[in-house]
Amino acid sequence: MVDKKKTILIVDDTEINIDILLDLLGDDYDVSVALDGENALEIANEEPLDLILLDIMMPKMDGYEVCRLLKTNDNTKDIPVIFITAKTDEDSIETAYEVGGVDYVTKPFKPRELIARVKTQLNMKLLIENLEFIASHDQMTGIYNRRKFFELAEKKFLQKQDNLYVAMMDIDKFKLINDTYGHPTGDLVIKAITKTISGFIESESIFGRLGGEEFAIMCNHESLEDTLKNIERIRSMVERCEVIAENKEIIKCTISTGCTKMTKETLNLDSLVKEADLALYEAKGSGRNKSIFR
Ligand SMILES: [Mg+2]
């Protein structure tokens, strides 16, 4: 498979500079161009970019201002910015870093230096993305880990969206599976169930493994009925799921789910999750393989 070309936005009010940069970078990268700050902000907001080369001296909005605005927008704050500058005085350079730039290149361009700096920042971005993925995903299943689930759920909670639900799910008698068949098989069960549940998770929903055999979903649905229908579908698909143990035996298992809805009275995310947890205990205590709403 060929790696997708990285995307770079060049922002400069002088066309000759753009031509030079296009000449240097156009073959190896997907390059977009903006002649002023406003247009640059628009493009950055709409297109996924890996890097921005940003001129400092521009009429109307200078590069510093553009960078400040990029860094205040969640969609654009993580795009590395390399400043293009004719100024090499310390004040200008210090400001470039202060407003969020990661590096600067000076005009007239030194081609090999420019390309090396671009490559370094692109590699750095990839490294950061990989580390962020590792820090936010469960290694075994690839879904969100506990920390990321709560981080994203908190964001959603604070938006006070209508029809917000939390479901806590737990594999029934999982300890018995581990004790009977061993941990490698237990891991296979967790992976198979994660895959089954994933098939019912809408793109807007947050699905995470909180630890061990415990999962959580935060989702929006039109109605309570829709939510319960979805949870019930998940329960019945898990019930049908078969995992082949290391000793070739076929294992079947079930999950219990506790679900709750955010109301005006819900104080915070913790209390919402606690409520779903209580419903989960109820499901466990009253026979398992069932979903309870409270
Ligand atoms: Mg300029």
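Which residues does C67 touch, not counting residues up to four places away in sequence? They are L54, V81, V99, G100 and G101. Keep in mind as you look around that this is a predicted model.

**Around C67**

You'll find C67 in helix α3, which covers residues 63-72. Is C67 buried or exposed? It has 26 other C-beta atoms within 10 Å, and 20 or more is the cut-off for buried, so C67 is buried.

Let's zoom out. The chain splits into domain 1, residues 7-136, and domain 2, residues 146-293. Their C-alpha centres are 43 Å apart.

Now for the nonpolar cores. The largest one has 38 residues, and the ones with the most contacts inside it are V166, A167, A216, M218 and A276. Several helices and strands each supply at least two residues of this core: α6 (146-158), β6 (164-171), α8, β7 (206-211), β8 (214-220), α9 (224-240), β11 (255-261) and α10 (269-285). Which of them gives the most? That's β6, with seven residues.

Leaving aside neighbours within four places in sequence, M218 is in contact with A153, K156, L164, V166, S205 and I206. Apart from this core lies another one, of 29 residues, including A44, V66, I82 and F83.

**Helices α7 and α8**

Next up is a pair of helices: α7 is residues 174-181 and α8 is residues 183-198. Two packed helices are described by the angle between their axes and the distance between the axes. Here the axes come within 7 Å and cross at roughly 140°. Why call that oblique rather than roughly antiparallel? Roughly antiparallel needs an angle over 145 degrees, so α7 and α8 count as oblique to each other.

Who meets whom? From α7 come F174, I177, N178 and Y181, and from α8 come H183, T185, G186 and V189. The residues of this contact divide into four nonpolar, four polar and no charged.

Most residues other than glycine have a negative phi, and most peptide bonds are trans.

The peptide bond from K107 to P108 is cis, with omega near -5°. P108 sits in the loop between β5 (103-106) and α5.

K173 isn't a glycine, yet has a positive phi of about 45°. You'll find K173 in the loop between β6 and α7. With 16 other C-beta atoms within 10 Å, K173 is partly exposed.

R288 also has a positive phi, near 65°, in a residue other than glycine. R288 is placed in the loop between α10 and β12 (291-293). R288 has 14 other C-beta atoms within 10 Å, so R288 is partly exposed.

R112 is found in helix α5, residues 111-136, M237 lies in helix α9 and S271 lies in helix α10.

Are they buried or exposed? The cut-off for exposed is 12 or fewer C-beta neighbours. R112 has 9 other C-beta atoms within 10 Å, so R112 is exposed. S271 has 12 inside 10 Å, so S271 counts as exposed too. M237, with 15 inside 10 Å, counts as partly exposed.

Each of these residues also has a partner for a C-alpha distance:

| Pair | Residues apart along the chain | C-alpha distance |
|---|---|---|
| R112 and L24 | 88 residues | 9.1 Å |
| M237 and I197 | 40 residues | 8.2 Å |
| S271 and N178 | 93 residues | 31 Å |

For S271 and N178, the C-alpha atoms are 31 Å apart, at 93 residues along the chain. For M237 and I197, 40 residues apart along the chain, the separation is 8.2 Å.

Key: Residues numbered from 1 in each chain as written. Predicted model: local features only at pLDDT ≥ 70, side-chain atom pairs only at ≥ 80, totals over all residues. Helix = DSSP H or I, 4+ residues; strand = E, 2+ residues; numbered from the N terminus. Axes fitted to C-alpha atoms, helices over the stretch in contact; angles between N-to-C directions. Parallel < 35°, antiparallel > 145°, perpendicular 65-115°, else oblique. Contact = placed C-beta atoms within 7 Å. Nonpolar A, V, L, I, M, F, W, Y, C, P; charged D, E, K, R; others polar. Core = buried A, V, L, I, M, F, W, Y, C linked by C-beta atoms within 7 Å. Domains from an automatic or database assignment.
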